[in-house]
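I opened my notebook and went looking around a new structure. Here is what I looked up, entry by entry.

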Amino acid sequence: MPSRLAVIRPTLTRRALTRRTVLRAALAAGVAAPAPGQPVSRPPEALRSTSLPTSPLHLISTGLPTRQGAVALLGGRAPAWFGLEGPGIVSSFPSTDQVVLTFDACGGSRLEHDAELIEVLRRHQAPATLFVNRSWAVANWRTMSELVADPLFEIANHGDRHVPLSVDGQAAYGIPGTASVEEAYDEIARAHRLLRVLWGIEPRWFRPGTAHLDDVSAELAVHLGTPVVGFTVNGDLGATAPARQVTANLLTLAPGGIVLAHMNRPGGGTAAGVDAAVPLLRERGLSLRRLDDVL
Ligand SMILES: [Zn+2]
């Protein structure tokens, strides 16, 4: 079976990203286009909003199951649990010698790019799965194109508004989650569609903002073909951990483990911590893989 990137790359070659492409997609997403002369490397104001309008992006067919179908399947269900772990969330995988590093490019106030971290991963030829939020992708679209074109990285979906995935508005860290099946659908599908329209990516995994969700939402993600991936090891504590602690956290990894760390907050200890940990993990016989290599 050809690798997914082999399928994606010709698409990219045919459709190099331009300012015009980004503007068109922003408009399709119901977002105000930047004024002439305004750099598109800055996210349009509406993308920072937590209350985006209903989007005509729904009209673009991506092969995802419909919103109405999802509501018919899951509407009216009361969640049994809400949290970081539970049935239906992939937090580890069966393996004797493989581990997966995942890095979140979060939405919110820090739509930055940890170039040092990406350089570390490339220098070590360390594969990783990158969970990218829609606002981050638009704000960093040139970087996104480079990441998409690099076979070292798999791109996955980190949501539209970067909020917990819930069907009844449960909150995590004070951030209210989506409040219905419709809103949870939009949280997944709007980001999925943008990644597909702009970069030709068909994400295979979803991780909500804050990584919190309920069981009905977990089922919804599976229904949309992108199961939720959690984590075994919290690598950088929201990019707040110093390098030494990041390294120590990564070294607790056992085969089948998944690390969560961040790539949108440069200046912390994540890059240096990963830099030190990768050779030590390999010395222990652990092999680094992307999620699509092992799941
Ligand atoms: Zn995040």
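This is a predicted model: local features need pLDDT of at least 70, side-chain atom pairs count only at pLDDT 80 or more; totals for chains, interfaces and linings use all residues.

**Entry 1: the metal site.** I began with two residues, Cys 106 and His 158, and found both of them buried. (Buried means under 20% relative accessible area, exposed means over 50%, and partly exposed is in between, with a 1.4 Å probe and protein chains only.) I then looked up what holds the zinc ion: Cys 106 through SG, His 158 through NE2 and His 162 through NE2, at 2.0 to 2.2 Å. (Donors are N, O and S atoms within 2.8 Å of the metal, or 3.2 Å for Na, K and Ca; water is not among the atoms, so sites may look incomplete.) I wrote down the spacing of the donor residues in sequence as C-x51-H-x3-H. Cys 106 lies in the loop between strand S3 (98-105) and helix H5 (115-123), and His 158 in the loop between strand S5 (153-157) and S6, so this pair ties together parts that are 52 residues apart in sequence. (Helices, H or I with at least four residues, and strands, E with at least two, are DSSP runs numbered from the N terminus.)

**Entry 2: a note on the source.** Residues are numbered from 1 along each chain as its sequence is written, and side-chain values use heavy atoms, with hydrogens and water left out.

**Entry 3: salt bridges.** How many salt bridges does the structure hold? I noted twelve. (A salt bridge is a side-chain nitrogen of Lys or Arg within 4 Å of a carboxyl oxygen of Asp or Glu.) In one of them, Glu 112 meets Arg 110, at 2.4 Å from N to O. Glu 112 is partly exposed at 32% relative accessibility, and Arg 110 is partly exposed at 27%.

Next I looked at helix H5, where Arg 123 and Glu 119 are four residues apart, which means about one helical turn between them. Their closest N and O atoms are 3.0 Å apart in a salt bridge. Arg 122 bridges to Asp 150 at 2.8 Å, N to O. Arg 122 lies in helix H5 and Asp 150 in the loop between helix H7 (141-149) and S5, so the pair ties together parts that are 28 residues apart in sequence.

**Entry 4: a charge over a ring.** I found the charged end of Arg 207 over the ring of Phe 131, 4.2 Å from its centre. (This needs NZ of Lys or CZ of Arg within 6 Å of the ring centre and within 35 degrees of the ring normal.)

**Entry 5: two positive phi angles.** Ala 211 is not a glycine either, and has a positive phi of about 65 degrees. Thr 210 lies in the loop between helix H8 (181-199) and strand S8 (213-214), and Ala 211 lies in the loop between H8 and S8. Thr 210 counts as buried at 16% relative accessibility, and Ala 211 counts as buried at 8%.

**Entry 6: one more loop.** I ended at Gly 268, in the loop between strand S11 (258-262) and helix H11 (270-283). Its C-alpha atom is 9.3 Å from that of Asp 114, though the two residues are 154 apart along the chain.
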